[in-house]
Amino acid sequence: MAGLFFSGAHETGFKRTRTLWAAAAALAATAAIGASPANADTASCSISWSRISQYVVGFTADGRVVNTGTTPLKGWRVSWTFTGDEKLFSLLTTFWTQTGQSVTGTNVSWNGTIAPGGSVPITAVGNSTGGTFGLTGLTCTPL
């Protein structure tokens with residue numbers, strides 16, 4: 001009866017195969033734990049102004065907040081500093097504040113989540129002497 005199941009030769013082969021598979025699995029697990037991920041999921045964003053219309057006493061600027069990361073962006077903040085005397089009337093699609101030349105805008109409830117590669121439009125409307133629109137330190141920060 002023992003010959004019908006495993007003889008010594010087959011049993012040794014089975015054990016050897018099982019041992020090789022176990023060793024390969026252990027090596028793969030060790031490599032996976034010890035290695036840092038090549039493409040770690042990250043949240044990041046950018047903002048750019050695509051069209052700026054300047055008037056004698058003001059400006060309108062259309063821009064986009066873009067998810068440049070690999071995971072959904074769940075909240076964002078944009079900020080910049082005006083270079084002149086610009087004053088915002090509105091920064092559409094955001095909650096915003098302006099203190100002196102510094103502006104900060106954050107997402108509202110319906111546009112806080114942006115898929116990777118997706119974007120949300122924003123529009124700045126304001127006034128300034130001479131219709132200028134200048135800014136520095138333009139940033140977007142995930143929340």
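In the predicted model, strands β6, β7, β4 and β10 form an open sheet, arranged in the order β6-β7-β4-β10 with antiparallel pairing. The edges of this sheet are taken by β6 (94-99) and β10 (135-142); each has a single partner strand, so one side of each is left without a neighbour in the sheet. From one strand to the next, the twist averages 15°. The pairing of β6 with β7 (residues 102-107) is antiparallel and runs over six bridges. Within this pairing, threonine 94 stands opposite asparagine 107 in β7.

Threonine 94, which is found in strand β6, counts as buried at 9% relative accessibility. The side chain of threonine 94 reaches the backbone oxygen of leucine 91 at a distance of 2.8 Å. When neighbours within four places in sequence are left aside, threonine 94 is in contact with Trp76, Gly105, Thr106, Val108 and Ile122.

A further open sheet is formed by four strands in the order β1-β2-β9-β5, and here too the pairing is antiparallel. Strands β1 and β5 (87-92) stand at the edges of this sheet; each of them has a single partner strand, so one side of each lacks a neighbour in the sheet. With direction ignored, neighbouring strands are turned by 20° against each other on average. Strands β2 and β9 pair in the antiparallel sense over nine bridges, and valine 65 stands opposite valine 120 in β9.

One salt bridge is counted in the model. The salt bridge is formed by arginine 51 and aspartate 62, whose closest N and O atoms are 2.3 Å apart. Arginine 51 lies in strand β1 (residues 45-54) and aspartate 62 in strand β2 (residues 58-67), so the pair, 11 residues apart, links distant parts of the chain. In general, side chains of opposite charge can pair when their charged atoms come close.

The structure holds six aromatic pairs. One of them joins tryptophan 49 and phenylalanine 133 in an edge-to-face arrangement, at 5.8 Å centre to centre and with 85° between the planes. Tryptophan 49 lies in strand β1 and phenylalanine 133 in the loop between β9 (119-127) and β10, so this pair ties together parts that are 84 residues apart in sequence. Tryptophan 49 is buried, with a relative accessible area of 16%, and phenylalanine 133 counts as buried at 11% relative accessibility.

Phenylalanine 133 also pairs with phenylalanine 82; the ring centres are 6.1 Å apart and the planes stand at 75°, so the pair is edge-to-face. This pair likewise links distant parts of the chain, with phenylalanine 82 in strand β4 (residues 76-82) and phenylalanine 133 in the loop between β9 and β10, 51 residues apart. Both phenylalanine 82 and phenylalanine 133 are buried. Tryptophan 49, phenylalanine 82 and phenylalanine 133 belong to one aromatic cluster, which also includes Phe59 and Trp80.

Technical notes
Residues are numbered from 1 along each chain as its sequence is written. This is a predicted model: local features need pLDDT of at least 70, side-chain atom pairs count only at pLDDT 80 or more; totals for chains, interfaces and linings use all residues. Side-chain values use heavy atoms; hydrogens and water are left out. A salt bridge is a side-chain nitrogen of Lys or Arg within 4 Å of a carboxyl oxygen of Asp or Glu. Helices (H or I, at least four residues) and strands (E, at least two) are DSSP runs, numbered from the N terminus. Two strands pair if DSSP finds at least two bridges between them. Axes are lines fitted to C-alpha atoms, for helices over the stretch in contact, and angles run from 0 to 180 degrees between N-to-C directions. Rings of Phe, Tyr and Trp (its six-membered ring) pair if their centres lie within 6.5 Å; planes under 30 degrees apart count as stacked, over 60 as edge-to-face and the rest as tilted. Buried means under 20% relative accessible area, exposed over 50%, partly exposed in between (1.4 Å probe, protein chains only). A polar contact is a pair of N or O atoms within 3.5 Å; within protein, one must be able to donate a hydrogen and the other to accept it, and residues adjacent in sequence count only if both atoms are side-chain atoms. Contact means heavy atoms within 4.5 Å.
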